[in-house]
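Dear colleague,

I am pleased to hand over the structure below for your study. Please look through it first, and then read the notes that follow.

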Amino acid sequence: MKKIFTFLSLCLSFFFFSCNIFSTNDIYSSIVINFGSVNNSRAVTYTIDNLSYCVVSIEPKVQDDIRVNFANGETKAVFRNLVSRTYKIKVSAFNESDTKIAYGESGRVEVKAYKTNSVKIKMEFLAPPDYSDCVVGDFILKDGTVLSKNSNPQPDTVAAVIVRAAGDGKPALGVGIFHNKDGLAWCKKYTDSSNTTKVSGFDTNITELQGTTTSGYTDGSDGWDILKEACSDAEAHPEYYPAWNYSLTYAEKNGLTGYMAEGWYFPTFAELYTIFQNMETVDASLLKAGGDQFEDGWYISSTITNDGSDEVRQFWFDSYVEQVEREGQSTRDDDDYYTCTVKAFN
C-alpha cells in the first residue's frame, strides 16, 4: 500500500513557552508536537493534571477545529481531506474552568498528498525550562531555552539577556536585545495635532506609579494595568503612550511567539538601576547577541516622581558620574530618551 502522504520539507518552529515541534516522517506521516507544561509570567506552573482539553486547528482550514481531551500525558488529533500545499497548525490548551492557559502555532508544513486522506498530530508533554539558575548575562533564546553567557549564540536566535538572577522572592529578569533609540515620550500631551484635547496621562497624578530605586513602584510587571485604571484613554489608545506601547508591541515587532510573546513590560526606575549595576556584563552579552548596548545613554522609566510634579524618572547609564547625576526627570511628553523593555522569567 502506498504511503498516503510524504513530506517534501518540514520546517517547523512551535513555541509555547518551552515547546518544540518536529516530524517523525514515519509510516503514518505524523507530526509530533512537544507541547510542554505551562509556565506563565505569574510564577504558576501548570502540569498535565491541570490541562483538561485542547483545540487543534489547521490553516488553511480543511475541517472544523478538533477538540482533544488529555490522557496519560499525551493525545492525538487527525486532520482529514488535506491537499498538497503548506499548512500551519495551531494548538490551544484549556483547564477545567475553560480558561486558555496554553497556546502556540507551528511554522510551515509543506505536504504533498497522493490521495486525499489524513495527517495525525501527536502531542506529548515536556517540562519547561528552569530559569532559577540563570545568571546575569545568560541568553534566553527565542524558543525560551537558556544559553550560557560564555557561549556565542547563533545570529538571530536571542530574545533577551538576563539582567537579574532569581532571588529574594523575585524571578529572573531579562531585557529585550533591541531598544528604541529614536526617542519616545512617556505619553503625548495632546491626542492630535490640533492641540485641543489633552491625553489623560499627561497630568493625572498616579500615585501607584511613584517610586525610587528602592521603594514604591519598583516592579513594573503590572504597570500597564495601573495606567489603564488611572487613565481612561490608555486601553483604547495605547499610541498616546509611546514608551509604554513600545513594550506592548515589542514581541510582535520582533517576531517572538508562544511564551516569548507574553509578559514584556516597560521597566521601572528601580529596574533600570538594576540593569545599570550589571551593565558591563549585560552589554557584553547584548553585543554577542547582535543587540543594542546601554553604554552611556539616557533611558526613560515607567516611574513618575514622588514630589508632586508628575515628572518622569530617567536613568543615565554612565558609570563615570556621581549617583545623583545619573538620575534625571522630565515632563511626560519629552521624547529625548531611549526605551528598553523587560520580561520576568519564572
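Trp-298 has a relative accessibility of 27% and therefore counts as partly exposed, whereas Tyr-337, at 15%, counts as buried. Here buried means under 20% relative accessible area, exposed over 50%, and partly exposed in between (1.4 Å probe, protein chains only).

This is a predicted model, in which local features need pLDDT of at least 70 and side-chain atom pairs count only at pLDDT 80 or more, while totals for chains, interfaces and linings use all residues. Residues are numbered from 1 along each chain as its sequence is written, and side-chain values use heavy atoms, with hydrogens and water left out.

The model holds 19 aromatic pairs. Rings of Phe, Tyr and Trp (its six-membered ring) pair if their centres lie within 6.5 Å; planes under 30 degrees apart are stacked, over 60 edge-to-face, and the rest tilted. Trp-298 and Tyr-337 make an edge-to-face pair, with 6.3 Å from centre to centre and 75° between the planes. These two residues are 39 residues apart, and their pair links distant parts of the chain.

Phe-315 and Phe-317 are both buried. Their ring centres are 5.4 Å apart and their planes lie at 65°, so this pair is edge-to-face. Both belong to one aromatic cluster, whose members also include Phe-269, Tyr-273 and Tyr-338.

Finally, Arg-67 lies over the face of Tyr-53, 3.5 Å from the ring centre, and Arg-332 lies over the face of Trp-186, at 5.0 Å. A charge sits over a ring if NZ of Lys or CZ of Arg is within 6 Å of the ring centre and within 35 degrees of the ring normal.

With kind regards

How values were computed. Helix = DSSP H or I, 4+ residues; strand = E, 2+ residues; numbered from the N terminus.
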